[in-house]
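This briefing is for a reader who is new to the structure shown below. The lead sentences come before the points, which are grouped by topic.

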Amino acid sequence: GQGIMAYNFNEINQTNDFWMGHSGGTPDYNAIIVYDVESRIIVAVAINDATSAASVTNVLLQFLK
């Protein structure tokens with residue numbers, strides 16, 4: 001996508017997590033920047049591995065909250 005994306009995790013992890021941001025990558029590289037609407041926290045993650053940047057972001061946000 002080009003622009004802002006909505007990430008809604010209510011059905012996946014039974015939370016009220018709703019992010020606005022953008023993600024992308026290439027093989028073995030993932031990046032994401034999101035704004036958590038509830039906590040008003042912005043997180044940017046870039047990983048040079050086959051690991052999910054969204055998963056790392058979720059862990060960081062749960063820790064920061």
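A residue counts as buried when its relative accessible area is under 20%. Asp-36 has a relative accessibility of 1%, and therefore counts as buried. The model is predicted. The chain has 65 residues, and buried residues make up 23% of them.

**Overall layout**

- The chain contains 2 helices and 4 strands.
- Read from the N terminus, the order of the elements is β-α-β-β-β-α.
- The chain exposes about 4500 Å², of which carbon and sulfur atoms supply 56%.
- Among contacts with a separation of 6 or more, 16% are between residues 24 or more positions apart.

**The sheet**

- The 4 strands form an open sheet in the order S1-S2-S3-S4, and the pairing is antiparallel.
- Strand S1 (5-8) and S4 are the edge strands, each pairing on one side only.
- From one strand to the next, the twist averages 30 degrees.
- In general, the strands of a sheet pair through backbone hydrogen bonds, either parallel or antiparallel.
- Strand S2 (residues 18-26) is joined to S3 by 8 bridges, and the two run antiparallel.
- His-22 has Ile-33 in S3 as its bridge partner.
- S3 and S4 are paired in the antiparallel sense over 7 bridges.
- Tyr-35 is placed opposite Ile-42 in S4.
- S3 and S4 also form a hairpin, with 4 residues between them. Arg-40, in the turn, has a positive phi of about 60 degrees.

**Helix H2 and the faces of S4**

- H2 lies across S2, S3 and S4, and runs at about 145 degrees to S4.
- The covered face of S4 consists of Ile-41, Val-43, Val-45 and Ile-47.
- Ile-42, Ala-44 and Ala-46 form the uncovered face of S4.

**The nonpolar core**

- The largest nonpolar core has 10 residues: Tyr-7, Trp-19, Ile-32, Val-34, Ile-41, Val-43, Val-45, Ile-47, Ala-53 and Leu-61.
- Strand S3 (29-36), strand S4 (41-47) and helix H2 (53-64) each give two or more residues to this core.
- S4 provides the largest share, with 4 residues.
- In soluble globular proteins, nonpolar side chains tend to be buried together.
- Leaving out residues up to four places away in sequence, Tyr-7 touches Asp-17, Phe-18, Trp-19, Gly-21, His-22, Ser-23, Ile-32 and Val-34.

- Asp-36 lies in strand S3.
- The side chains of Asp-36 and Trp-19 make a polar contact at 3.4 Å.
- Apart from residues up to four places away in sequence, Asp-36 touches Phe-18, Trp-19, Ile-41, Leu-61 and Lys-65.
- Asp-17 is in the loop between helix H1 (10-13) and S2.
- Asp-17 has a relative accessible area of 4%, so this residue is buried.
- The C-alpha atoms of Asp-17 and Ser-39 are separated by 9.3 Å, with the two residues 22 apart along the chain.
- Asp-17 is also among the residues that Tyr-7 touches.

Definitions and conventions: Residues are numbered from 1 along each chain as its sequence is written. This is a predicted model: local features need pLDDT of at least 70, side-chain atom pairs count only at pLDDT 80 or more; totals for chains, interfaces and linings use all residues. Side-chain values use heavy atoms; hydrogens and water are left out. A nonpolar core is a set of buried Ala, Val, Leu, Ile, Met, Phe, Trp, Tyr and Cys residues joined through side-chain atoms within 4.5 Å. Buried means under 20% relative accessible area, exposed over 50%, partly exposed in between (1.4 Å probe, protein chains only). Contact means heavy atoms within 4.5 Å. Two strands pair if DSSP finds at least two bridges between them. Axes are lines fitted to C-alpha atoms, for helices over the stretch in contact, and angles run from 0 to 180 degrees between N-to-C directions. A polar contact is a pair of N or O atoms within 3.5 Å; within protein, one must be able to donate a hydrogen and the other to accept it, and residues adjacent in sequence count only if both atoms are side-chain atoms. Accessible areas come from the Shrake-Rupley method with a 1.4 Å probe; for residues, only the protein chains shown count as cover.
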